[in-house]
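Subject: Structure handover

Hello,

Here is the structure I promised to pass on. Please open it first, then read my notes below.

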Amino acid sequence: MKILIVGGGMGGTILANNLSRRLKRELKSGKAKITMLSASDQHMYQPGLLYVALGRMAVDELYRDQASLLEPEIEFHVDPVEEFNLDGNQVKTKSGKTYDYDLIVIATGSRAVPESIPGLAENSINVYTEAAALEFYRTISEFKGGRVVIAVGVPHKCPMIPPELTFTLYDYFRDRGILDKVSFHYTYPIGRLHSLEPVSDWMQGEFAERGVTSETLFNMKEVDGANKVVLSEEDSEAKYDLLVAVPAHKGMEVLETNDLGAGGWIPVDRNRLNIEGHDNAFAIGDTTNIPISKAGSTAHYEAEALAENIASMIKIGAPVRDYDGKVFCFIEAGKDRATYAMFNYNKPPDPKPPTKSVHWFKMAYNQLYWATARGLL
Amino acid sequence: MAEKKTIDARGSYCPGPLMELIAGIKLIEVGDELEVLSSDKGSANDIPEWVNKVGHEMVSSTEDQGVWHIVVRKAK
């Protein structure tokens, strides 16, 4: 059984390591083989970008060598896939090589596309790449005061980042002693402050305490950088001095060029994670079109469910479990308090009031993540 | 010929049915329809509110055994 994993991010890496442990015997005997193809020899802890943007984490803390995270039985190549032939069980890579497989998992993630809104990329800051996070910190550290507008595109990776940016920036400017010169205006695409209703209800109280104003049903259409105003699809506008963006995201371009899904999102079964029309092709993480959060924890729990199923398909000829839609998200409520939301397809979240202990657990998890990537936690 | 696509947003607490609609409508052509399946009764109100505010067209909204089938036509 030749298993090909495309993508070396959180989902692909957890899957590969989990699967490798489950298939020790088969890998040793040659009955199974795991190959990973990735675009980079580095693995980035993407949630750390928020802390880089706030000057609280160094860039090099975000990275580990991808090969160092993988079980030794996994064959790893830095050679991104350019052509997918799911009917022929074959991919072709940038180097020109062809890889045959019996089973493929696509876990190539997503990317922010600020360029999809005219004027957004050149007039806003965001936290979605290393360069963007560093620019974010440079900008906020030089900010002298004025109106901060938070504007949110759809879909976006990490559903908690709009409130987290608002609350952590509030504390950042307070610590800099310029809070009396800064006002916050938060916008959101749907008719409340957050897609999770309990989180939205909690944010209302926090916003009232801090004097944060808000406008809902606000979807960015255009940014007029000359006049420093964001125009919305709903025909309203927000004047800003500092525009903090959560840009819309797309899946990877290679998935669109290979017609695997509109927007680069691959249609999959929400429980078995197989790509529609294929029994031996799967997708996990941001890559899928499943209507749940694009978040590392989603990729993590999908990877665990899929690893168990792939191993059982090899060992007993059938999958043994469904992915239940589980998502777990920390929510930083400032520089030193946090809470979390956990939910699945059938159970709504019930977030508790933020505490310092949850914040410190999140800080610890920023280091523990490397054990998660290795499939240990 | 206008196309109709379906987003199965049942059990989607986050990002939720309206956010899925906003994302999905970017990916279809003007004149095409998008059906959203939602198990959240709030969708029957908040989806039409957004659709009317932005200027798309509501085609239909029906409920069947606790699932709302809401069809929207992209108008611009």
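What radius of gyration does chain B have, and what would a compact globule with 76 residues have? Chain B has 11 Å, and a compact globule with 76 residues would be near 11 Å, so the two agree. The radius of gyration is taken over C-alpha atoms, and the globule rule is 2.2 Å times the number of residues to the power 0.38.

Some ground rules. Residues are numbered from 1 along each chain as its sequence is written, and chains are lettered from A and ligands numbered from 1 in the order in which they are written. This is a predicted model, in which local features need pLDDT of at least 70, side-chain atom pairs count only at pLDDT 80 or more, and totals for chains, interfaces and linings use all residues.

**Chain B**

Chain B has two helices and four strands. Helices (H or I, at least four residues) and strands (E, at least two) are DSSP runs, numbered from the N terminus. Along the sequence the pattern reads β-α-β-α-β-β. Taken along the principal axes, the C-alpha atoms fill a box of roughly 30 × 25 × 20 Å. Of the 76 residues of chain B, 43% count as buried. A residue is buried if 20 or more other C-beta atoms lie within 10 Å of its own, exposed if 12 or fewer, and partly exposed in between; the C-beta atoms are placed from the backbone. Now take the contacts in chain B between residues at least 6 apart in sequence: 59% of them join residues at least 24 apart. Two residues are in contact if their C-beta atoms, placed from the backbone, lie within 7 Å.

**Chain A**

Chain A has eleven helices and 21 strands. Its radius of gyration is 21 Å, close to the 21 Å that the globule rule gives for 377 residues, so chain A is as compact as a globular protein of that length. The C-alpha trace of chain A spans about 65 × 40 × 40 Å along its principal axes. Of its 377 residues, 49% count as buried. For contacts in chain A with a separation of 6 or more, 62% come from residues 24 or more positions apart.

The domain assignment gives domain 1 (2-109 + 252-327) and domain 2 (113-249) of chain A. Such bounds come from an automatic or database domain assignment. The C-alpha centres of these two domains lie 32 Å apart. Their contact takes twelve residues from domain 1 and 16 residues from domain 2. On the domain 1 side, eight are nonpolar, two polar and two charged. Here Ala, Val, Leu, Ile, Met, Phe, Trp, Tyr, Cys and Pro count as nonpolar, Asp, Glu, Lys and Arg as charged, and the others, Gly among them, as polar.

**Strands in chain A**

One open sheet of three strands has the order β6-β7-β8 in chain A, with antiparallel pairing. Why is one side of β6 (81-85) and of β8 (98-100) left without a neighbour in the sheet? Both stand at the edges, each with a single partner strand, so one side of each has no neighbour there. β6(A) and β7 (residues 90-93) of chain A pair over four bridges. Two strands pair if DSSP finds at least two bridges between them. In β7(A), Gln90(A) is the bridge partner of Asn85(A).

Next, look at β14 (residues 220-224) and β15 (residues 229-232) of chain A. They run antiparallel and are joined by four bridges. Val223(A) stands opposite Val230(A) in β15(A). This hairpin has four residues between the strands, and Lys228(A) takes a positive phi near 55°.

Is Phe218(A) buried or exposed? Phe218(A) is buried, because 23 other C-beta atoms lie within 10 Å. Look for Phe218(A) in the loop between β13 (213-215) and β14 of chain A. Beyond its neighbours within four places in sequence, its contacts include Thr187(A), Tyr188(A) and Pro189(A).

Pro72(A) sits in the loop between α4 (66-69) and β5 (75-78) of chain A. Pro72(A) is exposed, with 8 other C-beta atoms within 10 Å.

**Between the chains**

Best wishes
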